[in-house]
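The following briefing covers selected features of the structure shown below, grouped by topic.

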Amino acid sequence: MSIIEKLNVSAVRNLESLDIEPASTINVLHGENGSGKTSILESIHLLATGRSFRTSKLDPLINSDQEQAVVFARLRDGKEIGLSKSRRQSHQLRFRSEKQRNWESVARELPVQILDSNSFLLLEGGPRSRRQFLDWGVFHVEHSFVENWRRTKKSIANRNLLLKQRSPDFQQISAWDFELCHAAREVDRARSEYLRLFLPLLMKLYKDMRGAEAETLEIDYECGWDRGRELEQVLLDNRDVDARYGATQSGPHRADLSFRIGKSKAVDILSRGQQKILVSCMKIAQGLLLSKALDRGCIFLLDDLPSELDKANRAAVLGQLIGLGGQVFITCVEIDAVLNCLPEALEVATFHVERGTITA
């Protein structure tokens, strides 16, 4: 079980020095806008993934008066994870007192799902966000996936370099085609197998939560090339087009999920609140599948949960998360908007955040 028992944060945005011992169930961070609530969620996400869910830039993450930001967590089983990010030096990530070259081990140990305003990109954004969502799930349930994914990424990068040349070397391109196709088959197989398990869980959950258009919602997986043809032949037939654009137009890097209700995109039919229910179900279903596959709970970070969800839907989302048995961190302005949706007997820790510090 992935449970944060102790969390220390220094110099992440306006958090000067923070030290809390979260509950293993629900943690509510409340306070005015700009107080630092979301920065606490951001710190956990940064430690678990190496990335912020708010920005791709490093400088805004580090307090303007400091040279480095530090995040440390001790888990319930005693494992410790520490990260320091500096303006002038490369990051330092340590897990079990050992320096880490990448985030693979930490990400597996600390699976984190974020549900915030950007989560709507799963429906209304481009394919990249949906691929990232899909690949997060596959990464956690099939260990060989990440290596095959890296092989496809390397093959496509090298192939694109060759395609950008004035006179492309098609013999070298053929060599990278062979490597790409072999890895792409494994990536596609892993994604397809994951969706075979994931989609029934999602649809059942969405119906249980009385999601809009639940009976007519259709979700399809597009692998990134014509499913009726072998990728080798597609790459061969499209070489001239790829050379013209200087980029590979077909492959697993073009995969996508489509959400449709009848002949229309789901995002064009569902209201903002209805979209949030669907996105919430998608995240919860991933946590449920992770728990089934690995007997490990997912940590959920919910930024401003009351926004665009009425009390009944807030209670439904929280009820599903409580049922997963994992740790949840929720931010809100009005604490009653969350507490009124929780069972009275449930262990809940509340933290009032004010100007980057915990005041109660």
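Arginine 191 counts as buried, at 3% relative accessibility (buried means under 20% relative accessible area, exposed over 50% and partly exposed in between, with a 1.4 Å probe and protein chains only). This is a predicted model, in which local features need pLDDT of at least 70 and side-chain atom pairs count only at pLDDT 80 or more, while totals for chains, interfaces and linings use all residues. Residues are numbered from 1 along each chain as its sequence is written, and side-chain values use heavy atoms, with hydrogens and water left out.

**Buried residues and their surroundings**

- Arginine 191 is located in helix α6 (helices are DSSP runs of H or I with at least four residues, strands are runs of E with at least two, and both are numbered from the N terminus).
- Residues up to four places away in sequence aside, arginine 191 touches Arg131, Leu134, Asp135, Val138, Phe145, Trp149, Tyr221, Pro252 and Ala255 (contact means heavy atoms within 4.5 Å).
- Leucine 41 belongs to helix α1, residues 37–49, and is buried with a relative accessible area of 0%.
- Apart from neighbours within four places in sequence, the contacts of leucine 41 are Leu29, Phe53, Leu301, Leu302, Asp303, Phe329 and Thr331.
- Between leucine 41 and serine 155 there are 114 residues in sequence and 35 Å in space, C-alpha to C-alpha.

**Packing of helices α5 and α6**

- Helix α5 (residues 145–163) packs against helix α6 (residues 170–208) at an angle of about 150°, and their axes are 8 Å apart (axes are lines fitted to C-alpha atoms, for helices over the stretch in contact, and angles run from 0 to 180 degrees between N-to-C directions).
- That angle makes α5 roughly antiparallel to α6 (over 145 degrees; under 35 counts as roughly parallel, 65 to 115 as roughly perpendicular and the rest as oblique).
- The contact of α5 with α6 has, by class, 12 nonpolar, 6 polar and 7 charged residues (Ala, Val, Leu, Ile, Met, Phe, Trp, Tyr, Cys and Pro count as nonpolar, Asp, Glu, Lys and Arg as charged, and the others, Gly among them, as polar).

**Arginines with positive phi**

- Most residues other than glycine have a negative phi.
- Arginine 96 has a positive phi near 55° and sits in the loop between β6 (92–95) and β7 (98–99).
- Arginine 210 has a positive phi near 55°, lies in the loop between α6 and β9 (217–222), and counts as exposed at 79% relative accessibility.
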